[in-house]
Amino acid sequence: MSGFASLRLAFSAAILGALLCAPQALAQSAAAPAQTITLGPSGLPLPRFVSLKPARVNSRVGPGANYSVNWMYLKAGLPMEVIQEFDTWRRVRDADGSEGWINQSLLSGRRTAIVAPWQRGKGGRINLLDEPDKDAGVVAIIEPGVIGSIKKCDGQWCEMTFDGHTGWMAQSQVWGAYPGEKVKN
């Protein structure tokens, strides 16, 4: 077989392969992009949201009780974002961006969120609605910085409870659930 004939054969095989794989490639590109989930040593995803169990929690500069305390949190239920794991210690970030290490025994998987912490002190208020619709009736008016319990989030709206008032809030208005994340607490 001449070099030209083998080149034609190789080219034809490449075109045939592309045509056979095209429908599958198109189907994959039309599907939602795959989200890569990073798992920490605990087997749980990183990053992820948790909350503080007790009302007094020390945040340390390193992963161990021998490291100095750089911050003390005084609010049970405060949402934290776990960004790193080492043994039984979790590196966390709070809504203000401060980071430190907290022992896992002081953290809970119960999901809470802070309402629009970026608007604290600016006089704004957020409506808690009776259904997940921007035109729904108002159940309560919540000030930025208030902590509530997440019941569930559908990726756009979160059903939350604040001091006995339950309703819906746009997921973009809370720190404690990622954009588009679905939560069932």
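In which sense do strands β13 and β14 pair, and over how many bridges? Strand β13 (residues 147-154) and β14 run antiparallel, paired over four bridges. Welcome to this predicted model, where local features need pLDDT of at least 70, side-chain atom pairs count only at pLDDT 80 or more, and totals for chains, interfaces and linings use all residues. Residues are numbered from 1 along each chain as its sequence is written, and side-chain values use heavy atoms, with hydrogens and water left out.

**Strands and hairpins**
- Strands (E, at least two residues) are DSSP runs, numbered from the N terminus, and two of them pair if DSSP finds at least two bridges between them.
- Across from Ser149 stands Thr161 in β14.
- Two residues separate the strands in the hairpin of β13 and β14, where Gly155 takes a positive phi near 110°.
- β14 also pairs in the antiparallel sense with strand β15 (residues 165-170), over six bridges.
- Cys158 has Met169 in β15 as its bridge partner.

**Aromatic rings**
- There are three aromatic pairs in the structure; rings of Phe, Tyr and Trp (its six-membered ring) pair if their centres lie within 6.5 Å, and planes over 60 degrees apart count as edge-to-face.
- Phe49 and Trp175 form an edge-to-face pair because their ring planes stand at 85°, with centres 4.9 Å apart.
- Phe49 is buried at 6% relative accessibility, and Trp175 is buried at 15%.
- Ring pairs join Phe49, Trp175 and Tyr178 into a cluster.

Note on methods: Phe/Tyr/Trp six-rings, centres within 6.5 Å; stacked < 30°, edge-to-face > 60°. Buried < 20%, exposed > 50% of the residue type's maximum accessible area, 1.4 Å probe, protein only.
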